[in-house]
Amino acid sequence: MASAASALYSAGIVLQALEARSAAREDALRFSLLRRLACQLRWLAGTALGLGGWGLQALALTLAPLTLVQPLLALGLLVLLAAGACVLRERVERRDIAAAILVATGLTGIALSAPERSSSHAPAALLATVLLGLAVLACAPYALRGRTHTPGLLVAAGAGVAYALDGLLTKLAADTAAASAWTGLAVWLPTMLVAAGVGTLSEMSALQTAPATRVAPVVAVVTTVVPVGLAPVVAGERWGTEASTQAALFTSLLVTFAGVLLLARSSAVIAVLSAEATKDETDTARRPRSSSAETKFLSTDSPSGEPSTVTRTTSPA
């Protein structure tokens, strides 16, 4: 179920990213961006896929530990890699194959050494402190908005933290629902939706202000690492008492994270995230620009910061 959830998440973010890349940059980190995007059928379709992925993720968390489910969501990068190779005819490099092997190997190791699922949670004070801390970090880019130019990577990191918070809240909501504690579920669900909304707005804004080659790795790694690292603290998942078991789990997690980082930087994956946006920029570049903000967006789309040309068809790795 977690694998299916990752596929839906990946398909949804592709559709959402295509619309976000064509939106005006002055809407970045503003609710107006979501309001504009919500009027686009393609973005709404991507959101629907994301909601489907969330449902499967929540169901998976009632059956398996967070330490296993969260890394499994990285399998969506393999879906993007396959889409880039089969649909866009992007070349799959040796490092992409190596990254896929790393992810598969790491996830296998996690599955074999992951702790048993636990429905116990941290004490209320500690739980509130952790969740509030993540919320502050996720909202940091918004606090800086207007005072200075907010770097795209900072916004991407904020998106990753918001998604990590959403993952932890999903775990709490799943456990609460499994225990039929409906009062607690009424608390976790709206909080979770807010975290998901902040993450979506931050990621869409990051894709406007930084190339996907930089945004995708940051979001993928932070979303994967933070919930797994906090699972023993928040979700009561004990990583075993034997040193060999702990070492196997820790090594498997590192291998998975390394594969995720490499896959997120793959040219085939990035092409899927930005191919249509690039095409839109190419077509628009043939017509006079009426907005200085649009011109700035075109000129900063390249990772090197140099102006993009009308002949570019794929995003560089």
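A crossing is left-handed if the near helix is turned anticlockwise from the far one by less than a right angle. The views below are taken from a predicted model.

**View 1. Packing of helix H7 on helix H9.** H7 (residues 124-144) and H9 (residues 182-209) pack with their axes 10 Å apart, at an angle of about 30°. Angles under 35 degrees count as roughly parallel, so H7 is roughly parallel to H9. H7 passes H9 in a left-handed crossing. On the H7 side the contact is made by Leu127, Leu131, Ala138 and Tyr142, and on the H9 side by Trp188, Val198, Leu201 and Ser202. Of the residues in this contact of H7 with H9, seven are nonpolar, one is polar and none is charged.

**View 2. Packing of helix H7 on helix H8.** The axes of H7 and H8 lie 9 Å apart, and the two helices pack at an angle of about 150°. Angles over 145 degrees count as roughly antiparallel, so H7 is roughly antiparallel to H8. The crossing of H7 and H8 is left-handed. H7 contributes Leu127, Leu131, Leu134, Ala135, Leu137, Ala138, Pro141 and Leu144 to the contact. From H8 come Leu154, Val155, Gly158, Val161, Ala162, Leu165, Leu168, Leu169 and Leu172. The residues of the contact of H7 with H8 comprise 16 nonpolar, one polar and no charged.

**View 3. Crossing of helices H3 and H8.** The axes of H3 and H8 come within 8 Å and cross at roughly 60°, which makes H3 oblique to H8. H3 passes H8 in a right-handed crossing. Trp54, Gln57, Ala58 and Leu61 of H3 make the contact with Asp166, Gly167, Thr170, Lys171, Ala174 and Asp175 of H8. The residues of the contact of H3 with H8 divide into four nonpolar, three polar and three charged.

**View 4. The largest pocket and its lining.** The largest pocket holds about 1,000 Å³ of space. Its lining consists of 41 residues, and those nearest the centre of the pocket are Tyr9, Ile13, Gln16, Tyr163 and Glu203. At least two residues of the lining are supplied by each of helix H1 (2-21), helix H2 (31-37), helix H3 (41-61), helix H5 (76-86), helix H8 (152-178), H9 and helix H10 (212-234). By class, the residues of the lining divide into 23 nonpolar, 15 polar and three charged.

How values were computed:
Residues are numbered from 1 along each chain as its sequence is written. This is a predicted model: local features need pLDDT of at least 70, side-chain atom pairs count only at pLDDT 80 or more; totals for chains, interfaces and linings use all residues. Side-chain values use heavy atoms; hydrogens and water are left out. Axes are lines fitted to C-alpha atoms, for helices over the stretch in contact, and angles run from 0 to 180 degrees between N-to-C directions. Helices (H or I, at least four residues) and strands (E, at least two) are DSSP runs, numbered from the N terminus. Angles under 35 degrees count as roughly parallel, over 145 as roughly antiparallel, 65 to 115 as roughly perpendicular and the rest as oblique. Contact means heavy atoms within 4.5 Å. Ala, Val, Leu, Ile, Met, Phe, Trp, Tyr, Cys and Pro count as nonpolar, Asp, Glu, Lys and Arg as charged, and the others, Gly among them, as polar. On a 1 Å grid over the protein atoms alone, a cavity is a set of points where a 1.4 Å probe fits but cannot get out, and a pocket is an open set with protein on both sides within 12 Å along at least five of seven lines; lining residues have an atom within 4 Å of a point. Grid points are joined across faces, edges and corners, and a volume is the space filled by probe spheres set on the points.
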